[in-house]
Amino acid sequence: MSGKAVAPWVRTRLRTAPGAAAALALLVLVTAWLAAAYPRGIDTYEDDGLRRTVATAAPGRTALQFVAGAPGLALPDDQRAAMVSPEETKRRFDSVVKNVPAPLTADLSQSAYGLRTTQQLESDEPYLPKPDRVPPRFTVATQSDLAAHARVVSGRLPGGSADQKSAEAEAAVTTATARTLNIKAGSVLHVDTLGGPRLAFKVTGIVEPLLPEAGYWSVLPVLRTPQLLPASKKPDPPMYWHGGLLLAPGAAPALLATTGKPEAYAQLAPDSQHLNARQFDDLKTAVAGLQNGPALSRIRTSFSMSTNVYTELDRVLLSYATVRDSITPVVAVAGFGTATVAAVVLLMAGGLAAARRTAELALLRARGGSLRQIAGRLLAESAVVVLPAAALGLLLAVLAVPHGRFGPALAAAGGVATLGCLALPVRAVLVHRVVRSAAERADLVREKPSARRTVAELTLLVLAAGAVFALRRRGTAGGSADSLVSAAPVLIGVIAALVLIRLYPLPLRWAARPAARLRSTVGFLSLARAGRASGGGVLPLLALLTALTTAAFGGSVLAGAADARDRAALYATGTDARLDSDLPLPRDLPGRVARVPGVQGVSPVHIEYSVLLPDDDKTAVAGVDPTTYAKLTAGTALSVPADRLKAPAGAPGKAVLPAVASPSVAQRLGKEPVKLRVAGYDVTVKVVAAQDGSAAVPQSDFILVDTAGLGAKDPTALLVGGTSIDAKALRKAAVSGHANVRLRSEARQEYADSPLQTGAGRIYTAAVAAGAGLAVLALLLSLLRGAPERSALLARLRAMGLTRRQGRTLLVLEALPPAFLAAVGGALTGWASIALLAPGIDLAGLALATSSTLAPVGSELRADPLSLLLPAVCVVLLAALVATAQAWWSGRRGSITELRAGDAR
């Protein structure tokens with residue numbers, strides 16, 4: 001063989017079999033696209049999750065707040081005033097921004113600086129509201145760049161300047177403050193100073209915040225919205241209003257003369273749009289450096305005053321990392337499974353091509369062709385098809401998933417291309433190491449495993465056992481993805497495939513003996529044909545078992561996550577919908593709610609919070625109607641039989657009420673009757689049962705009793721049942737009752753409303769679907785490998801009198817044993833994988849937006865029957881359909897080609 005004929009060889013082969021080349025190109029294209037899109041998809045949802053976590057957290061938690069006390073009283077007034085002048089505060093702010101370490105950056109549009117009081121300033125103007133006769137108090141700040149963040153509704157923005165000796169300074173208030181505190185443009189508020197005459201704040205304008213929920217207004221929300229606060233920590237304290245006043249930056253020195261103990265501040269809102277999950281560790285380091293590190297030291301130097309920093313950004317980042325680290329190993333399981341099936345399918349494609357060309361390659365070897373020459377030609381032949389297809393798949397992945405790193409995607413597509421190029425030449429080299437004149441028979445029932453195969457199987461067994469042990473011991477919650485642990489379900493499927501191949505000949509032998517005694521030869525021929533299948537059948541069985549195991553595992557993960565969300569939503573709302581109010585609801589509200597479309601039942605509940613227990617602890621007591629409550633909660637984890645709560649006859653407070661309590665409350669109360677003070681009435685209760693949660697008081701310790709036994713019976717909440725409740729109509733009905741409405745469906749949506757959850761769920765679903773599709777392809781490839789031989793056999797048997805119906809039955813029965821083996825083995829392996837690995841799998845991160853929410857409802861992995869059985873049944877049906885289609889097609893074709901003399905088939 002001459003090396004000069006390589007190019008003509010490749011061109012000739014591609015022209016001879018264009019269909020096979022196109023099929024290989026399509027397979028590589030799809031596989032490379034999936035492989036390249038997988039890491040980019042993970043990068044995308046991790047980046048979006050980090051940005052969403054920071055962006056949706058309360059601005060007061062994520063902002064970097066730098067504060068420094070006002071200049072000391074020992075300094076002259078003019079020097080103190082200069083240190084809080086607009087120019088000086090702007091210089092300090094610029095220095096802070098400059099010293100924020102990368103990759104953390106500030107969103108200057110929502111950042112602010114200035115001088116603000118730390119002690120509330122009281123103003124007793126007669127027009128100000130005084131609940132409980134306590135005058136309102138104010139926090140005053142010279143917030144920078146007010147004109148860019150507010151719209152003037154009345155009057156004008158404050159201006160001018162003021163110092164410690166000024167008698168008046170201009171101020172502005174927001175519309176919410178003006179409306180609540182009866183302030184108008186032109187109003188004057190007087191506050192105390194340090195031993196001098198009172199300082200007057202003249203309100204020159206009322207402004208409307210442009211982005212009230214953004215960082216500029218929400219870091220210190222009292223500047224935007226007044227608050228009703230208790231005047232002391234005593235029980236039932238008097239209340240007072242706390243509002244905010246906005247001064248011009250030039251009036252900052254006037255605050256130095258007040259009793260408000262002013263401080264210089266700079267609040268930096270983090271820029272969440274440019275955060276990157278790959279820089280997460282650097283981001284944590286940057287925040288730590290600002291809290292107590294070199295960056296803080298540089299900022300203190302620039303402030304020229306003692307500076308402190310406050311932020312909860314590190315805790316926000318920690319919450320993101322907790323959810324991400326619990327999701328990553330679970331998603332990696334699907335990735336490993338699909339990658340294994342894809343690799344097996346590529347190997348099967350190479351094996352099918354090598355099997356179809358066995359005679360050709362054997363002839364080349366017999367005529368003196370070396371393994372190196374044959375492998376080189378086959379490699380060039382494969383590369384011409386595979387490399388462009390893999391490149392196109394990479395391009396499509398980049399276009400389909402525009403965000404994410406390019407390097408991992410390139411490596412994944414390169415791995416697919418490498419495997420696609422090497423599958424055919426490596427298979428050919430392994431088969432034709434020895435020169436053969438004809439293909440030798442390799443019956444599955446007669447083939448004996450070699451020592452090398454035994455060693456390889458034992459090695460895989462040790463790896464699988466180690467992975468399962470590691471996963472059960474360590475779990476996936478809060479840890480990073482480990483390759484061996486994530487591959488545990490795949491390794492279990494691999495071991496099961498090898499074991500089943502070892503055991504497969506036994507049932508064939510047992511079934512062939514009684515079948516030989518039957519009058520019909522179809523059953524015996526089908527079993528004999530199944531037994532004469534080549535030992536290469538290990539590869540398709542491996543693909544099917546791995547795909548079925550991954551599909552069962554992935555389906556159970558998705559079903560478990562959906563079930564966890566359903567249970568968490570139930571524990572959050574109690575029923576399909578609920579209406580809550582701090583005050584008694586109108587008496588006609590239950591009737592109006594019952595007429596809302598979709599409502600099937602309403603149960604009134606009277607809730608008293610902070611009821612004192614004998615051990616001075618507090619809990620919530622809920623009075624329910626046992627009949628309607630039991631009907632609404634029937635069939636859920638929160639159900640309570642009506643007879644268990646039914647109060648005995650008698651006046652309220654006289655009889656002992658049976659009660660259902662949360663476990664902690666039940667343990668404190670014991671089994672004896674206990675007297676409690678509920679809504680001003682003495683009630684005696686006796687705990688008859690403990691329950692983890694209740695529909696009346698979700699997510700809290702509770703005591704459930706019959707409302708008939710309580711003195712206070714007016715409902716403060718309504719539990720609503722129904723399958724498709726009209727949320728808009730329900731909220732409209734609740735407007736007059738000033739009730740808060742929450743639907744179970746909306747609560748469920750909130751738990752999944754996170755890019756981490758939704759992105760990981762989509763990736764997992766796509767990986768399982770891709771694995772299922774590749775498994776179908778593996779089954780088709782295994783059937784196509786023996787299709788010419790089956791067609792020839794069917795033609796010869798028909799020439800000897802076999803009917804069309806018998807031919808179809810023969811092919812179907814021949815295809816069923818390996819398909820049935822794969823289906824049963826896949827279902828059992830999937831169930832075993834879930835049972836073995838469930839203790840180490842935590843679905844909290846994948847199921848809920850915050851893993852802590854799932855604690856009371858559980859997030860363990862359970863086998864989903866539909867995910868186990870549906871893929872297995874589909875495998876059997878598909879094998880039967882393909883065999884039937886082949887028999888039908890063979891019957892329509894002529895038998896001349898199949899009956900050629902000298903055909904090796």
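## Cysteines

Cys421 counts as buried, since its relative accessibility is 8%, under the 20% cut-off. Cys874 sits at 42% relative accessibility, between the 20% and 50% marks, so Cys874 counts as partly exposed. Bear in mind that this is a predicted model.

How many disulfides turn up in a search of the whole structure? The search finds zero. For reference, a disulfide is a covalent bond between the sulfur atoms of two cysteines.

## The nonpolar cores

The largest nonpolar core has 63 residues, and the ones touching the most other members are Val28, Val345 and Leu541. Helix α11, covering residues 313–356, supplies the largest share of this core, with eight residues.

Take Val28 as a way in. Leaving aside residues up to four places away in sequence, Val28 touches Leu346, Val386, Ala389, Ala390 and Val416. There's also a second, separate core, this one with 53 residues, including Val54, Phe93, Tyr113 and Leu313.

Helix α17 runs over residues 488–503, 16 residues in total. From first C-alpha to last it reaches 23 Å, close to the 22 Å expected at 1.5 Å a residue. Is α17 mostly covered or mostly open? Mostly covered: 13 of its 16 residues are buried.

Ala497 is in this helix. With a relative accessible area of 1%, Ala497 is buried. Which residues does Ala497 touch, not counting those up to four places away in sequence? Its contacts are Leu541, Leu542 and Leu545. Ala497 and Leu541 are 44 residues apart in sequence, yet their C-alphas are 6.2 Å apart in space.

Methods
Residues numbered from 1 in each chain as written. Predicted model: local features only at pLDDT ≥ 70, side-chain atom pairs only at ≥ 80, totals over all residues. Heavy atoms only, no water. Core = buried A, V, L, I, M, F, W, Y, C linked by side-chain atoms within 4.5 Å. Buried < 20%, exposed > 50% of the residue type's maximum accessible area, 1.4 Å probe, protein only. Helix = DSSP H or I, 4+ residues; strand = E, 2+ residues; numbered from the N terminus. Contact = heavy atoms within 4.5 Å. Expected span 1.5 Å × (residues − 1). Disulfide = S-S within 2.5 Å.
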